[in-house]
Amino acid sequence: FCCGPRSATVHACLPAHQMAWRHSPWVTARALGLLATAAVVVVSAVRLLRRRPPPRPVAAALPSDIARVATTAEVAAAVRAEGVCVVERVLDAAAVAALRERVAALEPRKRQNRRAKRWEHVHSPEAAAFAELAQHPSIAAAAKALLGPKHYLEKCGLVVSHPGATAQRWHMDTPHLFACREHLPPHSLSVFVPLCDLRPANGPTEFHLASHIKANLVRPPSRAAACCPAGSCVLYDPRVMHRGGANESEGERALVYLTLSRVWYRDTLNP
């Protein structure tokens, strides 16, 4: 009869065939294999603990001013990288005057007070004045380059900032659609066509440059105002942070806006 802890006495009490099994080459080899595996795991764990994390890539400096571009390729590159660009004098003085008259003759679908002394006149995308403007070669080519061939004029209208209008809050027109780390192409393109010269005094739209890229939202903003002559085009990604400036001049600041979108997208936040 054997009792007590396993010891030499216990082993002495075991039958001969059990003693042979315990000292067989198969058991010894398996034990050595387990020890080798454990050693590999320990060494790997030590290496992982000692490994330094890779250095974070140095973020490129944010732009300091809005890009002034001319060609379609330059427009697409600027909007993708900086979120906004300006193409100056797309319409001449006569075309600006004609557009102003055509828009003034239209009855808007609704008027929205965006802030004190700041009004938005919402028009139908089917109105000829806006539909034809969206087909202007400079605007149509930019929309195709950024949105692809399958896009449409989703929204349009007129924004009027009267003297004494205060600055808007910073905002996006539409948010990022998908919760992913990768930066995605724009789903819409916004276009402003000012009917007067945009100067610091009358409150041109201000932008946080490159803020349409999620990673840049946590960085100190680089601000710039879209000052430009009447008839220019201010094209921007609606995800970029922006605001209408304060109108400290004695005249109203009016601009036509177009929103072009991919065919699968509808803005339900700002119908």
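Predicted model: local features only at pLDDT ≥ 70, side-chain atom pairs only at ≥ 80, totals over all residues.

User: Great. Which strands does β9 pair with in the antiparallel sense, and over how many bridges?

Analyst: β2 and β9 run antiparallel and are joined by four bridges. β6 pairs with β9 in the antiparallel sense too, over three bridges.

User: Can you give me some partners? Which residue of β9 is the bridge partner of Cys85, and which one goes with Phe192?

Analyst: Cys85 has Leu235 as its bridge partner in β9. For Phe192, the bridge partner in β9 is Val234.

User: And which way do the residues of β9 point?

Analyst: Strand β9 covers residues 233–236, with Cys233 and Leu235 pointing one way and Val234 and Tyr236 the other way. Both sets are buried.

User: Changing topic: where is His212, and is it buried or exposed?

Analyst: His212 is in the loop between β7 (206–208) and β8 (223–225). Its relative accessibility is 0%, so His212 counts as buried, the cut-off for that being under 20%.

User: What does it touch in there?

Analyst: Leaving out residues up to four places away in sequence, His212 touches Val79, Arg80, Ala81, Glu82, Gly83, His176, His183, Asp237, Arg239 and Val240. With Val79 there is also a polar approach: a polar atom of the His212 side chain lies 3.3 Å from the backbone oxygen of Val79.

User: Nice. Now the surface: which residues form the nonpolar patch?

Analyst: That patch is made of Leu177, Phe178, Val263 and Trp264, and together they have about 400 Å² of accessible area.

User: Where does Leu177 sit, and how accessible is it?

Analyst: Leu177 is in the loop between β5 (151–161) and β6 (188–194). Its relative accessibility is 35%, which is why Leu177 counts as partly exposed.

User: Why would I notice that?

Analyst: Because most residues other than glycine have a negative phi.

User: Where are those two, then, and how exposed?

Analyst: Arg89 lies in the loop between β2 (84–87) and α5 (93–104), and it is exposed, with a relative accessible area of 57%. Lys117 lies in the loop between β3 (110–115) and β4 (118–123), and it is partly exposed at 47%.

Note on methods: Residues numbered from 1 in each chain as written. Heavy atoms only, no water. Patch = residues over 30% accessible without salt bridge, like charges linked within 9 Å, V, L, I, M, F, W, Y side chains within 5 Å. Areas by Shrake-Rupley, 256 points an atom, 1.4 Å probe, with all protein chains shown as cover. Salt bridge = Lys/Arg side-chain N within 4 Å of Asp/Glu carboxyl O. Buried < 20%, exposed > 50% of the residue type's maximum accessible area, 1.4 Å probe, protein only. Polar contact = N/O pair within 3.5 Å; in protein donor to acceptor, adjacent residues only side chain to side chain. Contact = heavy atoms within 4.5 Å. Pairing = 2+ DSSP bridges.
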